[in-house]
2 protein chains.
Amino acid sequence: MNHIKLDISKVYGFVPEAEINKSESAANVALKKLYNKSGEGNDFLGWLDLPSKFPESLISDIEKTAAKLRSEIDLLVVVGIGGSYLGAKAIIDALSNNFAWMKTETAAPQIVFAGQNIGEDYISELLEVLDKKNYGIAVISKSGTTTEPALAFRILKNHLEKKVGKENAKKKIIAITDHSKGALRKMADIEGYKTFIIPDDTGGRFSVLTPVGLLPIAVAGFNIREFIKGAAEMEKSTSPEIPFSDNPASLYAATRNALYNKGKKIEILANFNSKLIYFSEWWKQLYGESEGKDGKGIYPASVNFTADLHSMGQYIQDGERHIFETVISVEKPASKFIIPKDNDDFDQLNYIAGKRVDEVNKMAELGTMLAHVDGGVPNIRISIDTISEFNLGQLVYFFEIACGISGYLLKVNPFNQPGVEAYKTNMFALLEKPGFEEETKKIKSRI
Amino acid sequence: MNHIKLDISKVYGFVPEAEINKSESAANVALKKLYNKSGEGNDFLGWLDLPSKFPESLISDIEKTAAKLRSEIDLLVVVGIGGSYLGAKAIIDALSNNFAWMKTETAAPQIVFAGQNIGEDYISELLEVLDKKNYGIAVISKSGTTTEPALAFRILKNHLEKKVGKENAKKKIIAITDHSKGALRKMADIEGYKTFIIPDDTGGRFSVLTPVGLLPIAVAGFNIREFIKGAAEMEKSTSPEIPFSDNPASLYAATRNALYNKGKKIEILANFNSKLIYFSEWWKQLYGESEGKDGKGIYPASVNFTADLHSMGQYIQDGERHIFETVISVEKPASKFIIPKDNDDFDQLNYIAGKRVDEVNKMAELGTMLAHVDGGVPNIRISIDTISEFNLGQLVYFFEIACGISGYLLKVNPFNQPGVEAYKTNMFALLEKPGFEEETKKIKSRI
């Protein structure tokens, strides 16, 4: 069953429904291309039917490993960058208490991330914390040689081995990597780390439903079965058998592409729930990396409301009209809090006393949508009932398959990322990495 | 002395230097308009000479109040939204340990924020934490009736009074508000809270160098004298006496406006230091709210590198060419960490063993700049020596005055924010606020 509601009616004032529907056949073709594996990037479609085919043995292996870690450590450092960072971070943040970092009494290990930057302060300050913690490491890298995570892992492994000894350290390190190739696979086999496999046919930004995302999410104490189940249900709801008008992924893809063709070059993903801040960061990688190529693509941006109504709100309301907004709405909060009456009523809020805080938030949301549409900003609304593992699984798969369709509508290969190499090559040349002698010579002559 | 370096040479391939210099007289006029207070929004120019004229008595009052709070509480809840949230958050994050939230042994009170959203989960989960903390509240609002902070303050005041008694609560609440008008001023006078004044002539997004930003920053343990001093030095370096070619604020404003006129509609503020993530959020409010009006304005976006090189990096390298990049570079980290040698060298990183981590980060930065410029993205580089109170004061004032100049070059009033009212009016109408009966009738007929 599909728990996501998609509302594109607030786009029709900018792009008529009939015009969006003109994309029906193109969207159907795109979706079939994904299923037939006949489009560009077809060697990276492992994510497509992963949820429905997820092996029970793998789920239970992840669960058991996570349970063991949970009983043994009080902090897990997840080492990864890009999709090996943002997926887990997005889901863990969404499901966690806003102030989880202050609740030191909880049973679940704290999760921190490393290898997603090259900060000398970041790694130094992390090690200072780790000196006093009983910690483990989940290192995530297909090759094991991507600079950021490889460097962080080298430093952390060194620290852990010094702290608990080489033999004990081995038991506290999990490697998520290629099944047979690469530096991390080699190291894991020699050292005897517990490993999980990153499937060959699944790119980083599509990997949150593989062990890459699932292990950290499970260690944080969340239900990965429900997460996968939500995704599997969405797989059914977005398959080629579903007609265009009932397929939320096709409709979302067709709508945003129609808006792009009308000059709406920036999609702003908005939330009204602070737990979704990193979900937007995950989404930005998914769409930015999939579509931003060949001089094309919608620029993915994000805002967190109502905070950013007092920041980016002015621009969205009145600035250049090259934007549209996609709102993720969460119907019900997990907590319940009634606004108290105040006898003095200096703040003039007694008119909302007795209401739930979320009722005010919902009126802010509705009021914002109407105001922005009036101001010339098309609005797409995606709503879920609650923030739960199941619903996040739905959202994740929804955005993944819509991204595949959208990329094909845009006529790009949504599954490669050739542009990511450019800075790496320059960096290697500047650092005089062996094998980059020619590039070193060239770049040194430029600076 | 000016500690900021601005490099616009990597823009010349897209907009020739001569073309930027054509804005010299317009930029000079804009700057003089600010100083003569003859432009639009001239009743909101209090920030312009505030650093150089900052009253010693006020600094010492803030310092004493902060010192007293620091000795009495272990957590300060700062209640505010927009400029009453982002300024303090940006500076405190920039100066804090990356893992400050885990270092419970430190003497300084933890700083948390509220009233920047209407999250029922957020406030409920915060209260749960506060049950166990000895906390104080700094409530920041000119009117005292802005929904988000007023609602949070009503709930928190209620909680604190129940926890420690009405009389004790009064001593733990600081109000930063109007000198004479508004609900919060009235409440503070009746209850006898310690207060600080938000100047009449300083808008929220320009208020970090007033008690709005300074009190929370001081409570967090940072040196506000140095922060103000840095800003005061930048005030000298950007005054109308400084020629255009030596004035970094005029040059930055002229450059970004020239880029905008060439179709570069998105400015991406990039950092290579995780401590600056919220500095970008502060900057987004400053520029988005100042320039996003009358159907105009550069869309301010941000990325955090190298993390986002594995996310938005692909788009920046190869996507639609409507973007330019402004990098804030920090020359020296606070920590020192040498990359260890590894005898096995599975990860093939021994070629950088013995280097500092930051050397790799700097080569990533330089490599990225070259790659993005090659890919068609103009690059502006702003560098500071270290992250310090002084240098952040410099950066803040630099961006503020450049924003004023830039707004006048764009021919908008950079000091108003009329668009922020639209969602509020709708929200009040939907919540049936007394006085909004007509709007309520209208909006109900629409939904």
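1. Between chain B and chain A, the count is 12 salt bridges. A salt bridge here is a side-chain nitrogen of Lys or Arg within 4 Å of a carboxyl oxygen of Asp or Glu. Over all chains the count comes to 74 salt bridges. This is a predicted model, where local features need pLDDT of at least 70, side-chain atom pairs count only at pLDDT 80 or more, and totals for chains, interfaces and linings use all residues. Side-chain values use heavy atoms, without hydrogens and water, residues are numbered from 1 along each chain as its sequence is written, and chains are lettered from A and ligands numbered from 1 in the order in which they are written.

2. Two bridges between the chains deserve a look. B:Arg154 and A:Asp347 meet at 2.6 Å, N to O. B:Arg154 lies in helix 7 (residues 147-164) of chain B and A:Asp347 in the loop between strand 9 (323-330) and helix 15 (357-374) of chain A, so the pair joins two chains. Helices (H or I, at least four residues) and strands (E, at least two) are DSSP runs, numbered from the N terminus. Both B:Arg154 and A:Asp347 are buried. Buried means under 20% relative accessible area, exposed over 50%, and partly exposed in between (1.4 Å probe, protein chains only). The other pair is A:Glu320 with B:Lys265, whose closest N and O atoms are 2.5 Å apart.

3. Now the interface as a whole. Contact means heavy atoms within 4.5 Å. Chain B gives 131 residues and chain A gives 132 residues. About 11,400 Å² is buried between the two chains, and carbon and sulfur atoms give 62% of that area. Buried area is the accessible area (1.4 Å probe) that two parts lose on being put together, summed over both. Of the interface residues of chain B, 100% are also interface residues in chain A, so the copies meet through the same surface.

4. A:His310 sits in the loop between strand 8 (299-304) and helix 14 (313-318) of chain A. A:His310 is buried, at 8% relative accessible area. Not counting residues up to four places away in sequence, A:His310 touches B:Ile81, B:Gly82, B:Thr146, B:Glu148, B:Gln285, B:Glu289, B:Val420, B:Tyr423 and B:Lys424.

5. Helix 4 of chain A carries two pairs to check. A:Lys194 and A:Asp61 form a salt bridge at 2.9 Å, N to O. A:Lys194 is in strand 6 (residues 194-197) and A:Asp61 in helix 4 (residues 56-72), so the pair ties together parts 133 residues apart in sequence. A:Lys194 is partly exposed at 31% relative accessibility, and A:Asp61 is partly exposed at 26%. A:Glu72 and A:Lys68 also form a salt bridge, with closest N and O atoms 3.3 Å apart. These residues are 4 apart in helix 4 of chain A, about one helical turn.

6. In chain B, the axes of helix 4 (residues 56-72) and helix 11 (residues 224-237) come within 10 Å and cross at roughly 145°. Axes are lines fitted to C-alpha atoms, for helices over the stretch in contact, and angles run from 0 to 180 degrees between N-to-C directions. Helix 4 contributes B:Glu56, B:Ile59, B:Ser60, B:Ile62 and B:Glu63, and helix 11 contributes B:Ile224, B:Arg225 and B:Ile228.
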